[in-house]
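Student: I want to know where the labels on this model come from. Can we go through them one at a time?

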Amino acid sequence: MKPNTLIDIIDGMKDVSDRTISITQGKELISISFSELYRYILGFSEIIRKLGVFKNNIGIFMDANLWWIISYLGVIFSKNTVVPFDNRLSSDELSYAFSFLDIKIIITTKQYYNFLLSSIVGKTK
C-alpha cells in the first residue's frame, strides 16, 4: 500500500527497520536505524499525548539536528500541528509571533530556554 500522509510514512518506518539514515549534526555524522528513529518518534508522541495535548499548536525552537527531526515528526504523529521557529529570530520577533499564535507547548533545548523565557513571558496576551 502506498503511503498517503506523513503519518503513514512514519508508521512505515517499522517495516524497513534494518535500514539506517545518516544525519549531519554539527560536524558529526550520526547514523540511526529506522526502527530506532521510529521508537524515538513514537515515544516522543506518547509523552505529548500523556500531557493531554491533542490537535494544538506545538512550537519547536532549536538547532536543526536529530532531536529537531524527532520532535517535528513526534508532534505530527501525536496529531498536533508543528510550528517551527527559526532559532535566529530576535526576542521582539518571537514576542510578536507568540502574541497571536496559540502555542500550547514549546520544545527547545537548554541553550535557548532562557532566551525563549525572556522573549515571551509577560510579552504575550
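Tutor: Start with patches. Patches are made of residues with over 30% relative accessible area and no salt bridge; like charges are joined within 9 Å, and nonpolar side chains (Val, Leu, Ile, Met, Phe, Trp, Tyr) within 5 Å. A salt bridge is a side-chain nitrogen of Lys or Arg within 4 Å of a carboxyl oxygen of Asp or Glu. Accessible areas come from the Shrake-Rupley method with a 1.4 Å probe, and for residues only the protein chains shown count as cover. This is a predicted model: local features need pLDDT of at least 70, side-chain atom pairs count only at pLDDT 80 or more, and totals for chains, interfaces and linings use all residues. Residues are numbered from 1 along each chain as its sequence is written, and side-chain values use heavy atoms, without hydrogens and water.

Student: Which residues make the nonpolar surface patch?

Tutor: Tyr113, Leu117 and Val121 make a patch of about 290 Å².

Student: Why is Tyr113 called partly exposed?

Tutor: Buried means under 20% relative accessible area, exposed over 50%, and partly exposed in between (1.4 Å probe, protein chains only). Tyr113 has 46%, so it is partly exposed. Gly12, at 24%, is partly exposed too.

Student: Where is Tyr113?

Tutor: Tyr113 is in helix H5. Helices (H or I, at least four residues) and strands (E, at least two) are DSSP runs, numbered from the N terminus.

Student: What makes one face of H5 the buried one?

Tutor: Tyr112, Leu116, Ser119 and Ile120 are buried in H5 (residues 110–120). Seen down the axis, these buried residues fall within an arc of 70°, so they line one face. The arc is that of the directions from the helix axis to the C-beta atoms. On the other side, Lys110 and Asn114 are exposed.

Student: What do the buried residues of H5 pack against?

Tutor: They pack against strand S3 (57–61), helix H4 (91–100) and strand S5 (103–108). Contact means heavy atoms within 4.5 Å.

Student: What makes up the largest nonpolar core?

Tutor: A nonpolar core is a set of buried Ala, Val, Leu, Ile, Met, Phe, Trp, Tyr and Cys residues joined through side-chain atoms within 4.5 Å. The largest core has 12 residues, among them Ile10, Met13, Ile41 and Phe77. Helix H3 (66–77) is one of the elements that supply at least two residues. H3 gives the most, with four.

Student: Which residues does Ile41 touch?

Tutor: Ile41 touches Ile10, Met13, Ile70, Leu73, Gly74 and Phe77, not counting residues up to four places away in sequence.
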